[in-house]
Amino acid sequence: MGVSEHGRTHRLDLIDPTLREWECTVLHSSPEDGIVLDRSAFYPGGGGQPPDHGTLLWQGTQTRIVGTRKGDDLYLLPAEGDPLPPVGTAVTGAVEDTRRTMLMRTHSGLHVLCGVVFRDFGALVTGGNMEPGEARMDFNLPEVPPDFKAKLEELVNTEVTADRAVAVKVLPRAEALALPDIIRTQSNLIPADEQEIRIVDIVGLDVQADGGTHVASTRAIGRVQVVKVESKGKANRRVRVRIAD
């Protein structure tokens, strides 16, 4: 199974992250499990990026999608009390644009942050989390200079305004793992049975394995504000950021 397939669902979100509306067919529908589509542009969550929200439109009815559960299939979770489209129903899927776009900007902003910290301070990522427009990233960084917060914000935004292209490609496992430094986390989180690896390349700055959605160039991120730098143990620093227009 390739990275653009999950169970019976063809993942349009990884093929075209700008897609917000599409036609599809319901393959499974139950109050217990949720809804499985043959084609879906809903990002299901993973790697710190939360799942998309949106709607399914069918036969004059709307079903709100508020989350996702990954199992043998990709199960979309409807809002409580909303009707479920029966199996075989043709539906129109729609991703909530404001949330997804901000998550893409946030995720790409974190990759710029990661690239700068790795390049200039030699630190790997030990953890992270994001919500639309704000995020944190933890680094194995025992010591930082007194002006680290201001300097880091300046360095990151220099790369943002450089308008670097953000390119995505899928490589066979052996070829991907032969690339230098594509694992930017302190521990390798790529499943051992994954035969294809998706690579996100902020051209000239950062190349790493990643399964999320991104903007096409760094200028689309906006401005990255470094809100706070915290000590989280002897060797860890937590960097909190906010994305601004």
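**Labels and their grounds**

Analyst: S15 and S16 make a hairpin with 4 residues between them, and Gly233 in that turn has a positive phi of about 100°. Helices (H or I, at least four residues) and strands (E, at least two) are DSSP runs, numbered from the N terminus. The model is predicted: local features need pLDDT of at least 70, side-chain atom pairs count only at pLDDT 80 or more, and totals for chains, interfaces and linings use all residues. Residues are numbered from 1 along each chain as its sequence is written, and side-chain values use heavy atoms, leaving out hydrogens and water.

User: How do you know that S15 and S16 are joined?

Analyst: Two strands pair if DSSP finds at least two bridges between them. Strand S15 (residues 223-231) and strand S16 (residues 236-244) have 8 bridges and run antiparallel, so by that definition they pair. Within them, Lys228 stands opposite Arg240 in S16.

User: Why does Gln59 count as exposed?

Analyst: Exposed means over 50% relative accessible area, buried under 20%, partly exposed in between (1.4 Å probe, protein chains only). Gln59 has 66% relative accessibility, so Gln59 counts as exposed. Gln59 is in the loop between strand S6 (54-58) and strand S7 (61-70). Its phi is near 50°, a positive value in a residue other than glycine.

User: What makes Asp163 partly exposed?

Analyst: Asp163 has 36% relative accessibility, so Asp163 falls in the partly exposed class. Asp163 lies in the loop between helix H3 (148-161) and strand S12 (166-172). Here too phi is positive, near 55°.

User: Why are S12 and S14 said to stand at the edges?

Analyst: The open sheet has 3 strands in the order S12-S13-S14, with antiparallel pairing. S12 and strand S14 (206-209) each have a single partner strand, so one side of each is left without a neighbour in the sheet. S12 is joined to strand S13 (residues 196-202) by 7 bridges. In that pair, Val170 stands opposite Arg198 in S13.

User: What makes a set of residues a nonpolar core?

Analyst: The members are buried Ala, Val, Leu, Ile, Met, Phe, Trp, Tyr and Cys residues joined through side-chain atoms within 4.5 Å. The largest core has 32 residues, and those with the most contacts inside it include Val112, Leu113 and Val156. H2 gives the most to this core, with 9 residues. Val156 touches Val112, Leu113, Val116 and Val224, not counting residues up to four places away in sequence; contact means heavy atoms within 4.5 Å. Apart from this core lies another, of 14 residues, among them Leu37 and Phe42.
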